[in-house]
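Subject: Structure handover

Hello,

Here is the structure for your files. My notes on it are below.

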Amino acid sequence: MVYGGKPSTGCYLCRKRKIKCDEALPGCRNCSIYGRPCPGYRPDTIFRNETQKVERIMRKRSTTPTDSQRSSRSTSVSHSSPELPLILPQIADSTWEERAVCHFFDQFTCVSDECLNHLGFLPSLYAACRDSGQDDSVSSCLRLATEATALITLSNHMKAPPLLLKARGYYGLALHGLRRLLGTRSQAVRDETFATMVILSIFEDIAGERNGLHSSHTEGFGLLMGMRGESQLSHAQGRDLFICAYAHTLIESIVLRTRPRNASTELIVGQLDGSEPVARLILTASKIGQLFAESSSHQGSLGIDTITQVTTWIETGRILALEMANWSQHLPDHWLPLVVYTATGGPFMTYQSASIAAIWTYYRAARISLQRHLLDLRQTHASLIGDNQVCDVHRDAALEEIQEMTTDTCRSIPFSLGDIDALGQSIPASAEGRPPVRALYGYMMLWPLWYVLTFGMGTAAQIEQIRSALGRVGSVLGIKLALILAQQGGMSQHATALTPNPYRFIPSTS
């Protein structure tokens, strides 16, 4: 009998991959997200009979012995001679790619959340490409993109530069393959191609390698969404892919005001189910993006037509502001935030889940951006008609809403980053210092937090809180874009209140 020590209670596949197993029944979550059936768990035993196994291994390792050698070896084994070490079987180790993919799927995919399905399609799609036995360019490209992003995620988690080098190699191959696929329409419109672009955009953000604040994949998203048409919403995987890509482009459009609107894409957005909270928010945010794009790019001359146009934009913005406020009034009860007070601080805002908290952060940032743009439009209108009193009437109400949204965002940060639970109780970090929140939710909060930091009405303490939160997402959760945003965002309270929107509408004088 051989003493086996304290046995691992994880499933056989998690033990092989050397990753933590949640030991769920009938199968663990790691196997589920990796697209493999869970092989089950070994019996809970401590002592096991290894004598016959050792003897078999010894026979395999030996060459054809003479009778005297066989007799000597048998005596040696039977007396447990210290000169002959005990040889135990070795479990084949998993590859770094397998371990990385499991970690990435665990941190960045969300399958069971009722209000969010971020990359929920990816594990099954990756598994189908991996297990299909086909080595076509589409399947290969998706595998390379997924493994590249998984490796850089694990590299940042473990502080392992060699994995980063391997990730960059895979990223280069995936990017080269994607460019070839985009040259053929039949290949470009496939789900695997679209998913590859989505994954590569995440790689770009985890590595912190955007071109300034602009994503290199935004134009490609617009191209593919238009090519795929309305039929992509007819099945769950296509709809999830569209929402991931469209949210990416919409955020950049609202925050940076640089991307022209795509008419065909907006028609597709109109087909989303407005009865769902997330889809309804996307629909309203899309209208805000259209307003920004149209008014910020206007080059009309000073005159009655310009005054009429600005008045129309203001009225559109006012209706959208009411629509945004109405969004929060028609949510299910479990979507609503809860205000809690603690002995160490507060009040804080908590939610039923981290995904709901992230969506509320987007909502507040969108309201801030809309109110700032309305302030700018009203200021332009006042200068055209020579009456600043009308502008002043609305200014105080807009600034009050911006301050309220900024404060609520800051009150939500402790829950969103896993510092407190839904009741406001402190949650200890792991032994490695990692918060008990998945990287997905930190990733979702990046741009809303940056916008609130840059254009909100935060106090000095709130600005520091948001900058610190972005820093934690970058350093602890390993998303390097957060560190860039933390360095670039932030204005003093006085400057934020008085500085007009940098993308303000300025009519032409020609």
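This is a predicted model: local features need pLDDT of at least 70, side-chain atom pairs count only at pLDDT 80 or more; totals for chains, interfaces and linings use all residues.

Residues are numbered from 1 along each chain as its sequence is written, and side-chain values use heavy atoms, with hydrogens and water left out.

The largest pocket holds about 1200 Å³ of space. (A pocket is an open set of points on a 1 Å grid over the protein atoms alone, where a 1.4 Å probe fits, with protein on both sides within 12 Å along at least five of seven lines; lining residues have an atom within 4 Å of a point. The volume is the space filled by probe spheres set on the points, joined across faces, edges and corners.) Its lining has 48 residues, and L116, I243, A247, V278 and I282 are the closest to the centre. Helix α12 gives the largest share, 12 residues (helices are DSSP runs of H or I, at least four residues, numbered from the N terminus). The pocket lies between domain 2 (96-271) and domain 3 (305-427 + 436-498), because both give residues to the lining; the bounds come from an automatic or database domain assignment.

L272 sits in the loop between α13 and α14. L272 is buried, at 9% relative accessible area (buried means under 20%, 1.4 Å probe, protein chains only). Leaving out residues up to four places away in sequence, L272 touches L233, A279, I282 and L283 (heavy atoms within 4.5 Å).

In helix α11 (residues 218-228), the buried residues include F221, L224 and M225. The buried residues of α11 pack against α9, α10, α12 and α13.

Regards

Key: Helices (H or I, at least four residues) and strands (E, at least two) are DSSP runs, numbered from the N terminus. Buried means under 20% relative accessible area, exposed over 50%, partly exposed in between (1.4 Å probe, protein chains only).
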